[in-house]
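I opened this entry to look up the fold, the surface and the pockets of one protein. My notes follow in the order in which I made them.

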Amino acid sequence: MEAIPSLLKHKIPCSFRCSSCIDNEQPKNATAENLRNRFRLPTVKRMMPRRLLLQFMGFNPLLFIVQPALAAPMPEMKEPEVIRTLKLPSGVRIQEIIEGTGPEANEGNLVEINYVCRRANGYFVHSTVDQFSGESSPVILPLNENEIIKGLKDAITGMKVGGKRRALIPPSVGYVNENLKPMPEEFGPRRSLMSHINEPLIFEVQLLKLL
């Protein structure tokens, strides 16, 4: 009789279990299966290729390829106008900025002009047009080299009313004496001009009218 308790300590193989024990274990197995199904991780489905996905969403990469037929037309490039420089026998170099449409000025004429005088390096010297207000005080000059600097006379001769020229005047045909025009009336501008009479000067002249 003492051997029976010791046998109870060991599990009886399944093939030797009674039918009632097996029936009692089936609900436990079903419960475990339900728990596994409830907490089972979702399976990862095979993802759609990226290109097909983008096309499905309405994104077409071909639209971003720049084709010559769809590219914006290139604007027509215009060549810049070249201002030609003409050197006169006196050594004066002139540029025709605006060609006038009025009467032509000849030597001996009395003319009314506006001008800006600068040094060869571009520094301002004097002008008949105020740089701030834009008001002008035109001067009247005779095209006579005994009264005005020869270089300016040569530059104005041949101009038409309404025209504009730029002239580079060397000292040899510039202010060879202090009595030649044009000369500022104010002391400051006059002194500034006279301090540069031994170097080339640039005059931008606009012919307003013939008198």
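Before naming any element, I wrote down what the labels mean: helices (H or I, at least four residues) and strands (E, at least two) are DSSP runs, numbered from the N terminus. I also noted that the model is predicted.

Entry on the fold. I counted five helices and seven strands. Read from the N terminus, the order is α-α-α-β-β-β-β-β-α-β-α-β. Then I looked up the contacts with a separation of 6 or more: 72% of them join residues 24 or more positions apart.

The protein has 211 residues, and 24% of them count as buried; here buried means under 20% relative accessible area.

Entry on the largest pocket. I found a volume of about 460 Å³ for it. Its lining has 23 residues, and the closest to the pocket centre are His126, Ser127, Thr128, Ser137 and Glu186. Which strands each supply at least two residues of the lining? They are strand E4 (124–127) and strand E5 (139–142). E4 gives the largest share, four residues. I sorted the lining by type and got 13 nonpolar, five polar and five charged residues.

Entry on a peptide bond. I checked the bond from Lys181 to Pro182 and found it cis, with omega near 0°. Where does Pro182 lie? I placed Pro182 in the loop between strand E6 (164–169) and helix H5 (187–194).

Methods: Residues numbered from 1 in each chain as written. Predicted model: local features only at pLDDT ≥ 70, side-chain atom pairs only at ≥ 80, totals over all residues. Heavy atoms only, no water. 1 Å grid on protein atoms, 1.4 Å probe; cavity = no way out; pocket = protein on both sides within 12 Å on 5 of 7 lines; lining within 4 Å. Points joined across faces, edges and corners; volume = space filled by probe spheres on them. Nonpolar A, V, L, I, M, F, W, Y, C, P; charged D, E, K, R; others polar. Buried < 20%, exposed > 50% of the residue type's maximum accessible area, 1.4 Å probe, protein only. Contact = heavy atoms within 4.5 Å.
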